[in-house]
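Keep the picture open as you read.

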Amino acid sequence: MIKQTCCFIVVLLLLSPTMIFSQSFTGGAKVGFDISQVDSDQHGGYKTIFPTGSLYAQTNFGDEQRASIALGISYIRKGSKEVEKDATGDITKIFAIQLDYIEVPVTFSWRLNKFRIPHIVDYTFKNKFCLEIGLSYAYLIKAQVNHGQGFIEPDRAFFNYDCGTHIGLTYYIGDHFFLNYRFSYTLFFLPIRKHPGGQVYGLNRGLYNNVMIFTVGWEF
């Protein structure tokens with residue numbers, strides 16, 4: 001835990017000069033929902049949907065201010081769910097994981113002005129279209145599991161952090177309103193919980209959050 005926290009603090013310190021001395025500084029808010037699964041829990045598929053929201057500060061830099069770095073804080077719930085039914089439609093099995101996090105993502109974005117393939121495509125974007133990539137550190141505030149009798153504390157604790165990477169797309173509709181899609185995945189060497197007994201299967205060291213986030217936002 002201490003190692004992961006220190007690494008994240010170092011990243012923030014490296015970013016702070018850019019944030020402070022930038023000529024362009026904005027902020028914004030996003031609300032929406034995420035769908036998620038927990039890889040390696042033996043229950044695949046995006047079968048959960050949870051609300052999410054965030055605030056962020058952003059600084060622009062580079063030629064024509066096309067590049068930006070954003071630092072945010074989000075509430076997000078991640079998890080998985082599996083419901084099995086018999087031939088008559090009666091529920092025979094329920095399994096679910098719910099993990100509530102406060103997450104701090106650091107995101108690098110690049111605004112695309114046009115998409116061009118010589119002699120094939122030459123398209124200019126009328127509004128801002130941005131590609132994004134980044135890292136995030138999330139602190140676990142609550143963990144619950146459901147084996148069919150309601151949500152309870154897990155018998156084996158999850159780690160109280162989730163260090164992940166993310167990629168995404170943002171499309172501005174006008175000067176302030178935008179749509180955002182983001183895919184987030186736990187770093188493979190820092191699972192959210194180890195396998196029973198600590199087994200390792202190649203790069204698979206335990207359970208991993210696998211999340212797709214859809215939000216609308218307002219930048220001010």
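You'll find S109 in strand β4, residues 91-117. Who touches it? Skip the neighbours within four places in sequence, and S109 is in contact with R66, A67, S68, L131 and E132, where contact means heavy atoms within 4.5 Å.

A word on what you're looking at: this is a predicted model, where local features need pLDDT of at least 70, side-chain atom pairs count only at pLDDT 80 or more, and totals for chains, interfaces and linings use all residues. Residues are numbered from 1 along each chain as its sequence is written, and side-chain values use heavy atoms, leaving out hydrogens and water.

Now zoom out. The protein has one helix and 10 strands, and from the N terminus on the order is α-β-β-β-β-β-β-β-β-β-β. Helices (H or I, at least four residues) and strands (E, at least two) are DSSP runs, numbered from the N terminus. Of the 220 residues, 42% count as buried. Among contacts with a separation of 6 or more, 65% come from residues 24 or more positions apart.

Finally, look at V216 in strand β10. V216 is partly exposed, because its relative accessible area is 34%.

Conventions
Buried < 20%, exposed > 50% of the residue type's maximum accessible area, 1.4 Å probe, protein only.
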